[in-house]
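Reader: I'd like to learn how to read a fold like this one, feature by feature. Could you walk me through it?

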Amino acid sequence: MYIGNNVNAAPGPPTSCGRGGDIYDVWNYFVAPCAGTAKISLCGTGTSFDTTLAAYGACGGPELACNDDFGCGPGGFASQVEIPVVTGRPYFIRVAGYGGARGQYQLNIDMACCVNCPSGSTPENEANCGLPTDTTNGGCNSSPAVFSRISCDTTYCGTAAYNGGTRDTDWYEVIVTTPTQFTWTVSSEFAAHIGLVEMNNPGSGDCADVTFSLNPFAEVASCSNGSVTVCLPPGRHWFFVAPDMDGPVLACGARYTARLTCATCTLPEACCFASGGCQDMTPAACRESLGTPQGPGTSCATVVCQPPVEACCLP
């Protein structure tokens, strides 16, 4: 929040929304701490006069937005605009008094959220958010395929973009030698899709084996976080982050953090029941259900469970 006034301001040129009646202007600026939408408002209780408000991406540049009466503040005559912003860029705000009005104003600039990289995290180091060509971690979407190698219990900081037709897809590869339960947690400034890249043979690490679906999958809302958890066999596994293609165009620089945590786990296997039925479950759960585990690496897709043969007595 900033408190200012235009009491001693000089007359300025009109804005598009003031229709020539906004004079006695004061200029302010801010640097966007993250990508997204900035709400710029004079609606606070500290505003005492009829205002107009305009925002610019450069001094002398075209207006990005302009508003006369937003329906807030004194008499409903204070102003508010929203503009898309890019991380690290300056934006200029012109506050003026409509019809020669002067007084004090309260300027608030709110970002929906900012995701900051914690100390000790690892940057993605991807140029231009992977557009138009991703040579860092486009995964099986790149030719040749490229991945960011990751390890357990580490946080990674990435950026993303979506130009309305193509989105930046970030693929992270982890290699394990024992069954491992992974939890993939993402905090994002933008609406994102996250999850495990599904393979027909989990752990194969082969793009020809990829279904190009995420399983498990989660949607992360803008300015929120989400996670998926899965127990996987030894091998190469790929975790994924990308903007939601149903969302708005996203300038390069929108940020996210992703953390992979790991624990030991027991993989499900085929469990046969006396009825001849089958269900994939852990050996312990199988025995608790009075079933018979069929051994590591088995599944009901490949095992045929036979019901017990009943004794037959001849006369």
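This is a predicted model: local features need pLDDT of at least 70, side-chain atom pairs count only at pLDDT 80 or more; totals for chains, interfaces and linings use all residues.

Reader: Which cysteine sulfur is nearest to that of C59?

Author: To call a disulfide, we ask for two cysteine sulfur atoms within 2.5 Å. For C59 the nearest cysteine sulfur belongs to C66 and is 16 Å away, and C59 is in no disulfide.

Reader: How many disulfides does that rule give?

Author: The count comes to 10 disulfides. C66 is joined to C17, with an S to S distance of 2.0 Å. The partners come from distant parts of the chain, 49 residues apart: C17 is in the loop between β1 (2-5) and β2 (22-31), while C66 is in strand β5 (residues 63-67).

Reader: What is the handedness of the disulfide between C17 and C66?

Author: Handedness is read from the torsion about the S-S bond. For C17 and C66 this torsion is about -60 degrees, so the disulfide is left-handed.

Reader: Which handedness does the link of C231 and C265 have?

Author: That link is right-handed, with 85 degrees about the S-S bond. The sulfur atoms of C231 and C265 are 2.0 Å apart. Relative accessibility is 23% for C231, which counts as partly exposed, and 17% for C265, which is buried.

Reader: Where do C272 and C305 lie, and how far apart are they in sequence?

Author: C272 is in strand β19 and C305 in the segment after β21 (292-293), so this pair ties together parts that are 33 residues apart. Their sulfur atoms are 1.8 Å apart, and the link is left-handed, at -70 degrees about the S-S bond. C272 counts as buried at 10% relative accessibility, and C305 counts as buried at 9%.

Reader: Where do I find cis peptide bonds here?

Author: One joins S143 and P144, with omega about 0 degrees, and another joins N215 and P216, with omega about 5 degrees. P144 is placed in the loop between β9 (122-123) and β10 (148-149), while P216 is in strand β15 (residues 210-220).

Reader: And what are the phi values of N128 and L290?

Author: N128 has a phi near 55 degrees, and L290 has a phi of about 65 degrees; these are positive values in residues that are not glycine. N128 lies in the loop between β9 and β10 and counts as exposed at 58% relative accessibility. L290 lies in the loop between α1 (283-288) and β21 and counts as exposed at 75%.

Reader: Now for the interior. Is T51 buried or exposed?

Author: T51 is buried, with a relative accessible area of 0%. T51 is found in strand β4 (residues 51-56). Leaving aside residues up to four places away in sequence, its contacts include L42, D68, F77 and Y98.

Reader: Which residues have the most contacts inside the largest nonpolar core?

Author: They are W184, I194 and F239, in a core of 27 residues. Elements giving two or more residues to this core include β11 (154-162), β13 (180-188), β14 (192-199) and β17 (235-243). β18 gives the most, with 5 residues. There is also a second, separate core of 24 residues, and I40, A55, A65 and Y105 are among them.

Notes. Residues are numbered from 1 along each chain as its sequence is written. Side-chain values use heavy atoms; hydrogens and water are left out. Helices (H or I, at least four residues) and strands (E, at least two) are DSSP runs, numbered from the N terminus. Buried means under 20% relative accessible area, exposed over 50%, partly exposed in between (1.4 Å probe, protein chains only). Contact means heavy atoms within 4.5 Å. A nonpolar core is a set of buried Ala, Val, Leu, Ile, Met, Phe, Trp, Tyr and Cys residues joined through side-chain atoms within 4.5 Å.
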